[in-house]
Amino acid sequence: MGRSGSTLVERLLGELPGVCSLGEAVHMWRRALVDGEPCGCGAPFGECGFWRDVGEAAFGGWDRIDAAEVLALKASVDRTRFVPSLLGARPPARMARRLADYTALYHRVYAAAAQVSGCRVIVDSSKHASLAACLRHRYGPRLHLVHMLRDPQAVARAWGKRVPRPDATATSPEQEMARYSPGRAAVQWAVQNEVLARVSRLGVPTLRVRYEDFVADPAGEFAALAEFAGHAGELPVDAAGTARLSPAHTVSGNPMRFDSGTVRVSAGAAPSGAVRAPGRIAVSVLTRPSRPRFGY
């Protein structure tokens, strides 16, 4: 679930040789193709050479893609409400056809990104558990899942913050990052994490990483992440938690996707604006069945 440190992990993975990070590709169809929001490198999506080449290799050019049709297809299969069918061995025939068409789009983007970048590992930091459930049907165990978790009280605080989106354009419907009430954040935390756990149990190789463990021992935790990605060698983060980030071609995600240079991996300050007692109680009650399963 968002606000769990996944953007930083994705950026660090993208620093490994042979690994290309794409950002949250699930939002590309709207934010990049329709709203023209910028790539993580700072260039408008339509002017970024990397994404121009990816679009050419994948589809013969982005102008060959009808974004409205893709968004309609997405709405018909990649939603939490469809997860029970997606987690089955064989979705209903009509859904199976839509699923094949939908995941084929991602496959073409991933394959083109691998071709353009010369990388053998592609990282998509999309946070929708339903997308992971969709991609399982196309890739099976070739799909590897990094399941990021964070204490639900901290997640609820983070989702309550008002944060402008620096990548929003004049036509972007979301000028700020989404905000959730404590109750909604708690329900999302439980549902998204339970779905990802189920995807793992269905045979998708999974590495579970808790935010708290990662910031306490960034070098040790990232060594396991790098190994999971098939990398053996020097790491981009040292024992003190210092790392250097290069500009990345990410299509959407947390504003830190635009950061480059030296960064320090740390827990940082607690999110401002503490959740009031009723909200804290709601988060505690709504996540109680799931917390022990994930070590909270």
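A disulfide is a pair of cysteine sulfur atoms within 2.5 Å. A search of the whole structure finds zero disulfides. The structure is a predicted model, in which local features need pLDDT of at least 70 and side-chain atom pairs count only at pLDDT 80 or more, while totals for chains, interfaces and linings use all residues. Residues are numbered from 1 along each chain as its sequence is written, and side-chain values use heavy atoms, with hydrogens and water left out.

**Cysteines**
- The cysteine sulfur closest to that of C48 belongs to C39, and the 3.9 Å between them is too far for a bond.
- C48 has 2% relative accessibility and therefore counts as buried (buried means under 20% relative accessible area, exposed over 50%, partly exposed in between, with a 1.4 Å probe and protein chains only).
- C134 also counts as buried, because its relative accessibility is 0%.

**Overall form**
- The protein has 12 helices and six strands; these are DSSP runs numbered from the N terminus, with helices (H or I) of at least four residues and strands (E) of at least two.
- The radius of gyration is 19 Å, close to the 19 Å that the globule rule gives for 296 residues, so the protein is as compact as a globular protein of that length. This radius is taken over C-alpha atoms, and the rule is 2.2 Å times the number of residues to the power 0.38.
- Buried residues account for 48% of the 296 residues.
- Of the contacts between residues at least 6 apart in sequence, 76% join residues at least 24 apart; contact means heavy atoms within 4.5 Å.

**Nonpolar cores**
- A nonpolar core is a set of buried Ala, Val, Leu, Ile, Met, Phe, Trp, Tyr and Cys residues joined through side-chain atoms within 4.5 Å.
- The largest such core holds 47 residues, of which W51, W62, Y106 and V109 touch the most other members.
- Helix 6 gives the most to this core, with nine residues.
- Another core, of 24 residues, lies apart from it and includes L16, L207, V215 and L245.

**Helix 9**
- The 20 residues of helix 9 should span 28 Å at 1.5 Å a residue, and its end C-alpha atoms are 29 Å apart, which agrees; the expected span is 1.5 Å times one less than the number of residues.
- Buried residues of helix 9 include A185, W189, N193 and L196.
- Among the elements against which the buried residues of helix 9 pack are helix 5, helix 7 and strand 3 (145-149).
- Just after helix 9, G203 takes a positive phi of about 110°.
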